[in-house]
Amino acid sequence: MEAFDEFWDYDDPVASEGRFRDLLPDLVAQGDESQRVQLLTQIARTLGLQRKFDDARAVLAEVEARLDAAGDRARVRWLLETGRCHNSSGSPERSLAFFLEAWELASECGEDFHAVDAAHMLAIVEPAPEGRLAWTMRALELAESSDDGRVGKWPGSLHNNIGWTWHEQGDYERALEHFRKAYTWRERQGDVGTIRIARWCIARCLRSLERVDEALAMQRVLLEEYQAEDEPDGYVFEELGECLLLLGREGEARPWFARAHAELSADPWLQAEEADRLARLERLGQGR
C-alpha cells in the first residue's frame, strides 16, 4: 500500500481529497507515473464518496489514458475505483466485470491487499446471497493466509460483512458469531471507532434475536460513550428507539426516533439509498 494511503479519512472525503491534491505536485515533479496515477484513483474515490460521480468519471478517464505506463498496481487500483464508481452511482451490474478483473490481476501479480479488496467488493455487488458469502469467504481465506502484513486490517471487516449476509437471510445466531469475531479483530487493531461499530452490530443482532433488553443495555453504553465525546450517533439513536418500541415504551422511543432522523437524514447516501427508512424514522419521531 502506498504511503499516501495514510492520508485517507473515509469519514471525511472532502478533507481527504484536499490532502491528495496537495500531494500531486510533488509526484509530478518526481516523475513517478505509477504513484501519480494511483493517487489520482484515490482522488476519484473521494469524489465518488461525495457523490460527484461525473467528476470521478473524468478523473478515472484521465487515469485510463495513462495506465500503460503506470504498471499493474495502478491498473488494479483503477479497476477497483471504476467498479466502485459504477456501484455507488447505481449500476452494480456494470461494476462486476471491473472487480473481477481487479481480483484476477491482483492475484496474478501478488497484490494480496488489493485482491482482498476486489473480492470484498465482488461480495457487495453479487446479487445472490450464496455468491456474496462465497466471495467474502475467498477474501477472508486470503486475508488470513497472506504473508503481506498489510492485509491485517481486513478480517474484521470481512467477518462483519459475513455477519450481515447471514443476518439478511434470517440466520441471526450465525450472524452473531461473525459479529463477535469482527469485534475480536477490531479490539486487536485498537481503533475506538471501529470497536464501537462492532459492538453496535452485536447489539443490533441481539435485537433480531429478540434479546431486546441486552441490546438496549449495549446501546445505552454506546450512547454514554458518544455523549462523553460530544459525538451524536444517529444509528445508536435509531436502535434505542427500536428497542424501546419493541418493549412497548412508545413514548420513550419517540424522541430517539426524532433524533435519529435529524442526524441520519443529513447523510447523502441514506437520502439516496434508504429513503423509506428515513421516512419511517420521521413518522415514528412525530408519533405517527
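Biologist: How far apart are Arg21 and Glu17 in helix 1?
Modeller: They sit 4 residues apart in helix 1, which spans residues 13–30, so about one helical turn separates them. Keep in mind that this is a predicted model.

Biologist: And what do Arg21 and Glu17 form?
Modeller: A salt bridge, in which the closest N and O atoms are 2.9 Å apart.

Biologist: Is Glu17 buried or exposed?
Modeller: Glu17 counts as buried, because its relative accessibility is 13% and the cut-off for buried is under 20%. Arg21 counts as partly exposed, at 38%.

Biologist: Why would such side chains pair at all?
Modeller: Opposite charges can pair when the charged atoms come close.

Biologist: How many salt bridges does the count come to?
Modeller: The count comes to 24 salt bridges.

Biologist: Take Glu62 and Arg66. What is the N to O distance there?
Modeller: It is 3.9 Å, and the two side chains meet in a salt bridge. The cut-off is within 4 Å, so that pair is counted.

Biologist: Which residue does Arg150 meet in a salt bridge?
Modeller: Asp148, with an N to O distance of 2.6 Å. Arg150 counts as partly exposed at 26% relative accessibility, whereas Asp148 counts as buried at 17%.

Biologist: Switching to helices. At what angle do helix 3 and helix 4 pack?
Modeller: About 155 degrees, with the axes 10 Å apart. Helix 3 covers residues 53–64 and helix 4 covers residues 72–88. That angle makes helix 3 roughly antiparallel to helix 4.

Biologist: Is the crossing left-handed or right-handed?
Modeller: Helix 3 passes helix 4 in a left-handed crossing.

Biologist: Which residues meet there?
Modeller: From helix 3, Phe53, Ala56, Arg57, Leu60, Val63 and Glu64 take part. On the helix 4 side they meet Trp78, Glu81, Thr82, Cys85 and Ser88.

Biologist: How do the residues of that contact divide into nonpolar, polar and charged?
Modeller: The contact of helix 3 with helix 4 has 6 nonpolar, 2 polar and 3 charged residues.

Definitions and conventions
Residues are numbered from 1 along each chain as its sequence is written. This is a predicted model: local features need pLDDT of at least 70, side-chain atom pairs count only at pLDDT 80 or more; totals for chains, interfaces and linings use all residues. Side-chain values use heavy atoms; hydrogens and water are left out. Helices (H or I, at least four residues) and strands (E, at least two) are DSSP runs, numbered from the N terminus. Buried means under 20% relative accessible area, exposed over 50%, partly exposed in between (1.4 Å probe, protein chains only). Axes are lines fitted to C-alpha atoms, for helices over the stretch in contact, and angles run from 0 to 180 degrees between N-to-C directions. Angles under 35 degrees count as roughly parallel, over 145 as roughly antiparallel, 65 to 115 as roughly perpendicular and the rest as oblique. A crossing is left-handed if the near helix is turned anticlockwise from the far one by less than a right angle, and right-handed if clockwise. Contact means heavy atoms within 4.5 Å. Ala, Val, Leu, Ile, Met, Phe, Trp, Tyr, Cys and Pro count as nonpolar, Asp, Glu, Lys and Arg as charged, and the others, Gly among them, as polar.
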